[in-house]
Amino acid sequence: MSYSRRTFLSLSCGSGAALLVGNSQSVAASAGPIVVGTWGGDYGQLLGDLVDKPLATAKGIEVVQDVANVDPRKTKLLAERGSRRGSMDVACLSDTDAYLLSQSDVLEQVGADQVSRLGSVFRQLRKKCSIPHIYSAQVILYNPTKIPVPPRSYADLWDARWRGRIGLSDILYGANTLAAALAGGGSVSNFDPAEKKLLELRSLDVKIYPSNEALAAALKSEEVWITVMWLARGFMWKKAGIPLAHVVPEEGTPTVVFEAGVPRNAKNKVEAFAYLDAMLDPRAQTGFAEKMGYAPTVRDATLPEELAREVLLNEEERTRLLLLDYAYSTGRSQRTLDFWNKQFKA
């Protein structure tokens with residue numbers, strides 16, 4: 001598979017991370033409900049229906065969701081790092097945020113002794129300090145009624161035929177930068193070619209939208225014909241009636257992984273690890289795929305054939321999966337943002 005070597009290296013959780021009592025033991029009575037820091041909306045609702053309620057029924061574990069955007073959640077975890085007891089037992093995070101927190105010694109190590117279903121997780125997605133909950137691939141979405149011959153690569157977005165019809169989401173500047181880097185011969189460990197390619201794209205009158213929702217509206221109105229987006233988001237947009245098809249680019253398709261970890265100062269660690277185990281249950285994984293289009297991270301979650309075609313990559317397409325080089329992308333993040341705002345959007 002086309003994974004960068006550096007991204008296969010296990011992430012450090014800091015020298016102080018400790019292993020805990022195994023999840024195979026009975027869950028002890030907690031000091032109170034476990035607090036799960038998560039997003040709201042569909043994600044929080046599905047966690048409630050597919051994880052919180054079944055866990056309460058099966059093991060008597062009460063769950064309270066602490067709903068917020070990820071930045072306040074990261075800030076709280078970092079601010080409480082020195083406290084003996086934190087306010088969160090489970091933290092839901094993006095893969096990049098989980099990496100940053102693991103480097104700050106915020107999260108406990110996760111092993112098979114704590115999470116019995118860890119062995120079912122695809123090996124490429126495993127981390128030392130978090131579990132991969134759901135993931136999706138970055139693809140090209142296009143309107144097949146306007147573009148009857150499917151594009152084959154990110155580089156095809158630079159075709160002058162699509163002048164004024166290319167749209168990008170501003171909040172996904174990092175993912176868009178990586179797509180431009182790949183189109184220019186770069187890699188997950190080399191974003192430098194993106195700068196020239198983005199300026200070329202600007203000359204083709206690319207449209208920048210402030211949010212994913214605004215981009216979806218532009219695709220629906222056919223103001224935009226082609227974009228770069230997560231396959232899961234495209235699945236949801238198609239369900240909403242937007243005419244879309246997708247292509248896995250020849251240069252490779254990066255992934256986005258939504259993860260969950262246990263803070264080192266969590267009050268109810270055994271119960272928190274039981275929660276991570278429940279997140280990996282095949283029924284919960286299948287439910288997220290059906291409702292949100294995100295692919296399962298475990299081998300034993302079987303999707304209906306039609307759904308699998310919409311949200312999974314086929315065997316050949318999986319050879320093009322790319323995992324981020326987190327050390328590189330986070331180290332370059334300020335340059336990436338500055339170029340996007342000050343030169344590309346200027």
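This note sets out points on helix packing, salt bridges and nonpolar cores in a predicted model.

1. Helix packing. Helix α5, residues 173-183, packs against helix α14, residues 333-344, at an angle of about 90°. The axes of the two helices lie 10 Å apart. Because angles of 65 to 115 degrees count as roughly perpendicular, α5 is described as roughly perpendicular to α14.

2. Residues at this contact. On the α5 side the contributors are Y173, G174, N176 and T177, and these meet T336, L337 and W340 of α14. Sorted by class, the contact of α5 with α14 comprises three nonpolar and four polar residues, with no charged residues.

3. Salt bridges overall. Side chains of opposite charge can pair when their charged atoms come close. With a limit of 4 Å between a side-chain nitrogen of Lys or Arg and a carboxyl oxygen of Asp or Glu, the count for this model is 24 salt bridges. The pairs in the next points are among them.

4. K53 and D49. These two side chains form a salt bridge with an N to O distance of 3.2 Å. Both residues belong to helix α2, residues 41-59, and a spacing of four residues places them about one turn of the helix apart. K53 is exposed, at a relative accessible area of 52%, whereas D49 is partly exposed at 33%.

5. D71 and K74. Here the closest N and O atoms of the salt bridge are 3.6 Å apart. D71 and K74 lie three residues apart in helix α3, residues 70-79, and are therefore separated by about one helical turn. D71 is partly exposed, with 48% relative accessibility. K74 has 19% relative accessibility and counts as buried, since the limit for that label is under 20%.

6. K74 and D97. K74 also takes part in a salt bridge with D97, whose closest N and O atoms are 2.9 Å apart. This pair links distant parts of the chain, with K74 in helix α3 and D97 in helix α4, residues 95-103, at a separation of 23 residues. D97 is buried, with a relative accessible area of 8%.

7. A loop residue. Where does V188 lie? V188 is located in the loop between α5 and α6, the latter spanning 193-202. With a relative accessible area of 5%, V188 is buried. The C-alpha atoms of V188 and S329 are 7.7 Å apart in space, while the two residues are 141 residues apart in sequence.

8. The largest nonpolar core. In soluble globular proteins, nonpolar side chains tend to be buried together. In this model the largest nonpolar core holds 73 residues, and Y43, W237, Y275, L276 and M279 have the most contacts inside it. Helix α9, residues 269-279, gives the most to this core, contributing seven residues.

9. When neighbours within four places in sequence are left aside, Y43 is in contact with T38, C92, H133, I134, M279, F288 and M292. A second, separate core has 35 residues, including L157, L168, V206 and L322.

Methods. Residues numbered from 1 in each chain as written. Predicted model: local features only at pLDDT ≥ 70, side-chain atom pairs only at ≥ 80, totals over all residues. Heavy atoms only, no water. Axes fitted to C-alpha atoms, helices over the stretch in contact; angles between N-to-C directions. Parallel < 35°, antiparallel > 145°, perpendicular 65-115°, else oblique. Contact = heavy atoms within 4.5 Å. Nonpolar A, V, L, I, M, F, W, Y, C, P; charged D, E, K, R; others polar. Buried < 20%, exposed > 50% of the residue type's maximum accessible area, 1.4 Å probe, protein only. Core = buried A, V, L, I, M, F, W, Y, C linked by side-chain atoms within 4.5 Å.
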